[in-house]
Amino acid sequence: MKKFLAASVAALAISVAGVAAADPIKVGVITTLSGGGAGLGVDARDGFLLALKNAGDAAKDIEVVVEDDGQKPELAVQIADKMIQSDQVDILTGIIWSNLAMAVVPSAVAQDKFYLSVNAGPSPLAGSQCHANYFNVAYQNDNFHEAMGQYANETYKKTVIMAPNYPAGTDSLTGFKRYYKQELAGEIYTQVGQTDYAAEIAQIRASGADSLFIFLPGGMGISFMKQYAQSGVEIPVIGPGFSFSQDVLPAIGDAALGVKNSASWSQDVDNEASKKFVETFQAEYGRLPSIYAAQAYDTGSLIVSAAGKASVKDADAFRTALKAAEFESVRGKFSFNTNNHPIQDIYVREVIKDGDVLTNKIIATAFTDHGDAYAEQCALK
Amino acid sequence: MQTALFIEQLLNGLQLGVMLFLMAAGLTLIFGVMGLINLAHGSLYMVGAFACATVAAYTGSFWLGLIASLAAAAAAGAIIEILVIRRLYERDHLDQVLATFALILVFSEGTRWLFGSFPLYLDIPPLLQGTVPLPGGSRYQLYRLAIIGVGVAVAVGLFLLITRTRLGMRIRAGESDREMIGALGVDIRTLYTIVFALGAALAGLAGAMVGALQSVQVGMGEPALILAFVVIVIGGIGSIRGALVGAVIVGVVDTMGRFLLPQIFGLFMNASQAGIVGGALASMLIYIVMAVVLAVRPQGLFPAAKG
Amino acid sequence: MVEAILDIKDLRKSFGALKATDGVTLDLRPGEIHALIGPNGAGKSTLIHQIAGTLKPDTGDIHFLGERVNHLGVAERARKGLGRSFQVSSLAPEFSALRNVMLAVQSKQGSSFRFFKPVMHDKSLTEPAMAALERVGLKDRANVPAAELSHGERRQLEIAIALALDSKAFLLDEPMAGMGPEGSRQLTAFLDGLRQEAPILLVEHDMDAVFALADRISVLVYGRIIASGSVDDIRNDPEVRRAYLGDPA
Amino acid sequence: MMNLSRENWVSLLLLALLLALPYAAIKFGNPFYVTLATRMAILGLAAVGLNIALGLGGLVSFGHAAFFGIGGYVAGILASHAMSMQPLNFGLFTLPGSNQMPTIWLFAMLVGGLLAAAIGTISLRTSGVYFIMITLAFAQMTFYFAISWPAYGGEDGLSILMRNQFPGFNTMVPLNFFLICYGVLVAALILFALIKNSRFGAALQAARQNEVRVASVGIAPFRIRLVAFVLSGMIVALAGALYADLNRFVSPSMLSWHMSGEFIVLIILGGVGRLAGPVAGAMLFVMFEFLLGGLTERWQFFLGLVLLGVVLFARGGLVGLLAGRQRHG
């Protein structure tokens, strides 16, 4: 569970490159640096800062303020208020979790600030509550689940699906079922924060399924995979990339080997931007980057590209520059849909062992130029 | 197949109950002897898991890790007993709650300071990997059976310790009359430290064993702590027997609720909705059971024989 | 025959194999002091607890003012007029003597569910409370917290609380315990006058006080009343002398 | 007027300080402190509510987050229905949503009070450690319910797009909203002071000191405590509704047991059972969180140490330090 009151205001004011000349841009990064989910936030922050560093002079007028939300919505709101009122930032970014994004984004964009999402993509923000100043540089929440549904539809005949009983969980299964048209062997909802999955594993064993789709982010996924590997159940596991990302693989250990998972990026994506990102990330921080780092890196690059074209004080021009998405994405192709959410390829990866290190390898492409299901509910054109 | 699944789920419930018993036994023992409510018990559980994972990672041996977890949790327990807890015996429950709540903060943040935010890796020892066949054709995980075995052994051990040994006699004396035991010439401060360390070691053992099944991370002790509270409230605070019965009730009810409720709701709504509604109800089920028990017996099922 | 204020019939209460109260029958009539004596462990406290309502008897009846009160709780019996003092004094320690008595006045007047009017400015509470304190001789100590009162003063305060309740009967559990000779003398004189207001069921170890005050004495041994009668009857009862006064006869 | 005691002086001084903070913040060009001051006022309000049960009644409730969260959800749910123009459907009758604070407060207190009555009826049959654990467990139950019930956002929570309105104020102006919260806080403090000195308060405090004595003068402690628990729950629910409006967001984290612990911490930091204790505690806590949090990410470690120090060595809290030991009249 979350920790008490979470750290606030770990003000890491970082002036990336000297004092600004003309129209500096001030970016507020609100992310999770303490508590159970800190690993994701740390990766996102590092990825974001790396993009600005790699951009060199192009980013010299971008000033960044980073603060820790401790994965608590009310704290995130408080920090957002502070950044808008006191620090007078132009752009907010960095939030990992959908519930925090839902708390911060609507009021931030209503106050004429830009918000760029490095990870969370809750469906209301893609559909009915979409906003011209809200750009999602990561994915719409359903995307990876849809990709796995698509993959399973082609590969398996009888899948049992499982997720925690909360909105992201139900969205996940909905997304999966949107593309999976074969028989469902069962639909299991677990408790949020659940640590023991014996009861569920027994059900899975008894289900007679030929595959298992899971969405269990963070510690839940680690616990489940360890217990599943020990249970002797041999049904292959598939799932969205979150539970098999670089930050959690070491804690799962070999139990993760062979799991197929979906993501819009993997460290073996074949393009120059990605290679440079992985290399510099390893050099700078001494570890492999996760997908959270990659998405945040793209977010940083996007801001740099827009800043080169327009002043942030001219909101309309800056918005147009963002929407053009003319930056070198580590994902290769990247563009924005009408609702300011990505159109991108989504891959299927497999967890492998590279020497002693567990990592992911791309084995297929589930979707090419994939958008999301909510764009038509969005009033933006 | 249904029967086999049912048996398997019953075993799962039993295994969860046994884990909870290890936590609850320490809590209830400490309350029974010293009259202290210890919120930081979950932190000792976490200490056990981290100690086991660290030592196992260094030496490659889970068993050394298990020993380390007992030692580390007992040591941590003894240290906080001497530094902090000892000053709280004469205080009211409010002070005890506050001080041990503060200890949670110190332990959680301190552990994060030492080990970082990423979860640690701990695996089941090779000896206990794999499964055994169950009647009805299903299979059951060996490690979980081993946990049940350890829990039963601890329960028997505690029973023998309390009824048959000198230490146990003193513990019982301490439960019934705190002044008298001082008059008997027993060094009460040492006794309290020993009891506290014993409770801590049990929590550490639970943490280490569960650590091999779950993610070893900061904050892992809190859900276990709250469940252990429910257990001892149902069982009767201060009663080891109550803790055992309460733990098995909570373990089985929780597991069976998660397993059966969605199926029951599935009889009259679609699977997806039944999963959500059943799951929501299942997550509250043990609290409902607790409320019912208390409505009938406000002192729990086995009220400790006190005043 | 005068109707009894408090009438107890064939009361029984066991704890496991121990018969703590074994068929006790006794009554309390207007204007009298009825003393209940017996050796330690005779079951006096258990009996008092059942009369006051903290313990439920297994069988038997308790009538108070002609009404069966077995099913009523402590608070309800107190409201009916059963005033009580405790063996070990039981007061709100942080409250002053005055506020302790005011609590009783407030209960007597009815509702405690009044949320706004400050009690210390409420003459309908302070005046009767002061009067009760004055009667037991604690007027000067009215503003001292109960925790800081001397042992004897606390006993006096308990009596004042019972007075303030306008009790129809008093249940006094060892009111002399721990008092000095002077205090005992004063309290004896006070209780002597009190019986005219309401009868007293007096549990007491101080035999001088008992013999000076009691109209009737009942002797409780092993949960049973072995003798009941006037002071002289009891003084001369051989069974009592043997069982209780330790007379070798 | 009567002479003010030292404690009352301290209370007035603290309230004046809290009132001055946002004005100073605006004057010195740091409007964010207005939000901090509002947070202090709201947390202070919640702690005043808990103080009725805990300080006066000695009821160590470790589950008041349940009422806080319920109040927040009432605000969020009514506001979202007002936004969507869909009435709430209770089967037998329907209820339109509302974005008016007075209406929302009324419902928050009503629902919070009902929940407190239900939880209190079972919990108050017990005492001591049982009570602590049972209130905690019931709060966990509401927490899990809120997480897994999908209708109002579950774990994701519920956004309030526009802060609810108060007649005559533009609540989106931070200072206005602060003044509303401050007004409610002062009203609650006055209520607390009245209750403390009333007949009800006398019975409640006596029941804390000696339950048997209270019963033996004819006052049933259970009923007194239940009413205190309900009152306490209502005020905390009101605070929850305001907190939801401050953040324009409500989520299950308002129901978490850390929140309950935090309320107790506020009271202890300030001083148990003291009039201004909760306010002092809330001001201290928010400042502490803000300043220490600015220095180190490990601030909770130090918060833990400070708390330990207060519990072990400085039991009167801040008000105790400033106003000396408590006097009972």
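Colleague: At about what angle to β6(C) does helix α5 of chain C run?

Modeller: In this predicted model, helices (H or I, at least four residues) and strands (E, at least two) are DSSP runs, numbered from the N terminus. Helix α5, residues 151-164 of chain C, lies across β6 and β7 of that chain. Axes are lines fitted to C-alpha atoms, for helices over the stretch in contact, and angles run from 0 to 180 degrees between N-to-C directions. Relative to β6(C), the direction of α5(C) is turned by about 175°.

Colleague: How are residues and chains labelled, and which pLDDT do local features need?

Modeller: Residues are numbered from 1 along each chain as its sequence is written, while chains are lettered from A and ligands numbered from 1 in the order in which they are written. Totals for chains, interfaces and linings use all residues, side-chain atom pairs count only at pLDDT 80 or more, and local features need pLDDT of at least 70.

Colleague: Which strands stand at the edges of the six-stranded sheet of chain C?

Modeller: Two strands pair if DSSP finds at least two bridges between them. On that basis six strands of chain C form an open sheet in mixed pairing, in the order β6-β7-β8-β3-β9-β10. Two of them have a single partner strand each, so one side is left without a neighbour in the sheet: β6 (82-85) and β10 (224-229) of chain C.

Colleague: Which residue stands opposite I217(C)?

Modeller: Strand β9, residues 216-221 of chain C, pairs with β10(C) in the antiparallel sense over five bridges. In β10(C), the residue opposite I217(C) is G229(C).

Colleague: What is the strand order of the four-stranded sheet of chain C, and which strands form its edges?

Modeller: This open sheet is antiparallel and runs in the order β2-β1-β4-β5. β1 (residues 6-15) pairs with β2(C) over eight bridges, and D7(C) has D27(C) as its bridge partner in β2(C). Each edge strand has a single partner, so one side of each lacks a neighbour in the sheet; these strands are β2 (18-28) and β5 (67-68) of chain C.

Colleague: Is α3(B) parallel or oblique to α8(B)?

Modeller: Helices α3 (residues 62-83) and α8 (residues 188-211) of chain B pack with their axes 7 Å apart, at an angle of about 140°. Angles under 35 degrees count as roughly parallel, over 145 as roughly antiparallel, 65 to 115 as roughly perpendicular and the rest as oblique. That makes the arrangement of α3(B) to α8(B) oblique.

Colleague: How many residues of the contact of α3(B) with α8(B) are nonpolar?

Modeller: Two residues are in contact if their C-beta atoms, placed from the backbone, lie within 7 Å. Among those making this contact are G65(B) and A73(B) of α3(B), and F196(B) and G204(B) of α8(B). Ala, Val, Leu, Ile, Met, Phe, Trp, Tyr, Cys and Pro count as nonpolar, Asp, Glu, Lys and Arg as charged, and the others, Gly among them, as polar. The contact has seven polar residues, one charged and, as nonpolar, 16.

Colleague: Which element gives the most to the side of chain D that touches chain B?

Modeller: The contact takes 34 residues from chain B and 36 residues from chain D. Elements giving two or more residues on the chain D side are α5 (128-148), α10 (257-270) and α12 (299-313). With 14 residues, the one that gives the most is α5(D).

Colleague: How far apart are the closest C-alpha atoms of chain B and chain C?

Modeller: No contact joins chain A and chain C, whose closest C-alpha atoms are 35 Å apart. Chain B and chain C are likewise joined by no contact, and their closest C-alpha atoms lie apart by 13 Å.
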